[in-house]
Amino acid sequence: MGDRDVTFICGRAGVCSLGAVVAKHAGDDESLRYYLAQFEKIKLPKDLPDELLYGRVGFLWACLFLNKHLGQGTVPSSYTVGLAMVVDEVIKSGRRMGRKGRCPLMYEWYGEKYWGAAHGLAGIMHVLMDMELKPDEVEDVKGTLKYMISNKFSSGNYPASEDDRKSDVLVHWCHGAPGIALTLVKAAKVFGDKEFLDAAMEAGEVVWNRGLLKKVGICHGISGNAYVFLSLYQLTRDVKHLYRAKAFACFLLDRAHKLISGGEMHGGDRPYSLFEGKGGMAYLFLDMIDPSQSKFPAYEL
């Protein structure tokens with residue numbers, strides 16, 4: 001891994017934080033100290049993007065993961081990287097670009113103003129809602145989410161990016177309604193605003209009607225889309241959402257192997273990986289054992 005690989009999903013922060021949590025559960029204090037020491041050596045490049053997969057909030061998510069599983073304060077706000085400073089950079093970056101349009105916060109990744117969970121607004125807002133924010137920063141997060149709701153497609157789906165308002169095609173965690181639905185569910189919990197709940201429910205309908213894809217993974221496949229229903233079920237306790245999650249999972253259990261073998265379904269560019277392949281499908285099946293405790297991996301805490 002290079003010096004720029006600093007996030008949970010695609011970098012050293014993920015290896016170190018997950019290693020520390022596993023060591024804790026295994027009672028291996030020596031390995032726990034080792035992984036935490038390695039985590040503290042991570043330095044964020046100044047020109048790092050802000051998005052989840054490769055950027056600042058991907059590192060922040062790793063910090064949140066450590067604090068949740070090892071105890072609040074495991075990664076203190078006075079940590080050498082300076083969590084408050086990282087959050088401040090994310091907010092400032094979003095405001096600089098947001099001034100150029102009508103959205104309070106806006107970000108770019110490789111020249112595109114993405115909206116989705118992997119590289120765009122949904123993923124960044126998702127992590128910011130778990131950070132300590134000033135009142136005006138909270139309003140910017142809420143305003144950004146409301147901007148997205150106001151500018152979704154008439155179908156209820158969401159654009160992949162700010163400049164792509166005509167292509168109502170993608171229904172994935174990475175781009176489209178599924179990833180944004182998970183963020184809206186979180187916003188409904190954090191802010192108690194019915195507008196976010198209603199928007200999350202509408203996005204869930206899009207996933208139900210259009211989310212049975214020809215791929216199995218969680219990033220852009222059926223497994224990831226099933227988590228929308230699990231998240232809605234946990235929020236509302238409406239068993240309709242649980243039945244929908246079960247329907248997607250049963251489709252995969254009954255047909256995925258046969259359809260992949262027959263070339264009718266894509267097994268993923270990395271067929272056994274968590275995000276693109278059967279690893280994500282297996283993770284979903286494990287979460288279906290106790291749906292009330294399910295979490296989209298590396299996204300929901």
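Trainee: In this predicted model, is Asp 168 buried, partly exposed or exposed?
Mentor: Buried means under 20% relative accessible area and exposed means over 50%, with partly exposed in between. Asp 168 has a relative accessibility of 26%.

Trainee: Which residue forms a salt bridge with Asp 168?
Mentor: The closest N and O atoms of the pair are 3.1 Å apart, and the cut-off for a salt bridge is 4 Å. The partner of Asp 168 is Arg 210.

Trainee: How many residues apart are Arg 210 and Asp 168?
Mentor: Asp 168 lies in the loop between helix 6 and helix 7 (177-191). Arg 210 belongs to helix 8 (residues 194-210), and its relative accessible area of 31% makes it partly exposed. The salt bridge between Arg 210 and Asp 168 links distant parts of the chain, 42 residues apart.

Trainee: Which residues are linked with Arg 95 in a network of salt bridges?
Mentor: Arg 95 forms a salt bridge with Asp 136, with the closest N and O atoms 2.9 Å apart. Arg 95 sits in helix 4 (residues 83-98) and Asp 136 in helix 6 (residues 135-150), 41 residues apart. Arg 95 also pairs with Asp 140, where the closest N and O atoms are 2.6 Å apart. The residues linked with Arg 95 in the network are Asp 136 and Asp 140.

Trainee: Where in the chain is Asp 140, the salt-bridge partner of Arg 95?
Mentor: The pair of Asp 140 and Arg 95 links distant parts of the chain, 45 residues apart. Arg 95 is in helix 4. Asp 140 is in helix 6.

Trainee: How many salt bridges does a search of the whole structure find?
Mentor: Side chains of opposite charge can pair when their charged atoms come close. The protein has 37 positive and 36 negative side chains, and the centres of the two sets lie 1 Å apart. The number of salt bridges found in the whole structure is 17.

Trainee: How many helices and strands are there in the protein?
Mentor: Read along the sequence, the pattern is α-α-α-α-α-α-α-α-α-α-α. The count is 11 helices and zero strands.

Trainee: What is the radius of gyration of the protein?
Mentor: The C-alpha atoms fill a box of roughly 50 × 50 × 35 Å along the principal axes. For 301 residues the globule rule gives 19 Å, and the protein is close to that, so it is as compact as a globular protein of that length. The radius of gyration is 19 Å.

Trainee: What percentage of the 301 residues count as buried?
Mentor: The protein exposes about 13900 Å², with carbon and sulfur atoms supplying 52% of it. Of the 301 residues, the share that count as buried is 55%.

Trainee: What distance separates the C-alpha atoms of Val 190 and Cys 63?
Mentor: Val 190 has its place in helix 7 and, at 41% relative accessibility, counts as partly exposed. Val 190 and Cys 63 are 127 residues apart along the chain. Their C-alpha atoms are separated by 19 Å.

Note on methods
Residues are numbered from 1 along each chain as its sequence is written. This is a predicted model: local features need pLDDT of at least 70, side-chain atom pairs count only at pLDDT 80 or more; totals for chains, interfaces and linings use all residues. Side-chain values use heavy atoms; hydrogens and water are left out. A salt bridge is a side-chain nitrogen of Lys or Arg within 4 Å of a carboxyl oxygen of Asp or Glu. Helices (H or I, at least four residues) and strands (E, at least two) are DSSP runs, numbered from the N terminus. Buried means under 20% relative accessible area, exposed over 50%, partly exposed in between (1.4 Å probe, protein chains only). The radius of gyration is taken over C-alpha atoms; the globule rule is 2.2 Å times the number of residues to the power 0.38. Accessible areas come from the Shrake-Rupley method with a 1.4 Å probe; for residues, only the protein chains shown count as cover. Lys and Arg count as positive and Asp and Glu as negative; His and the chain ends are not counted. The place of a charge is taken as NZ of Lys, CZ of Arg, CG of Asp or CD of Glu.
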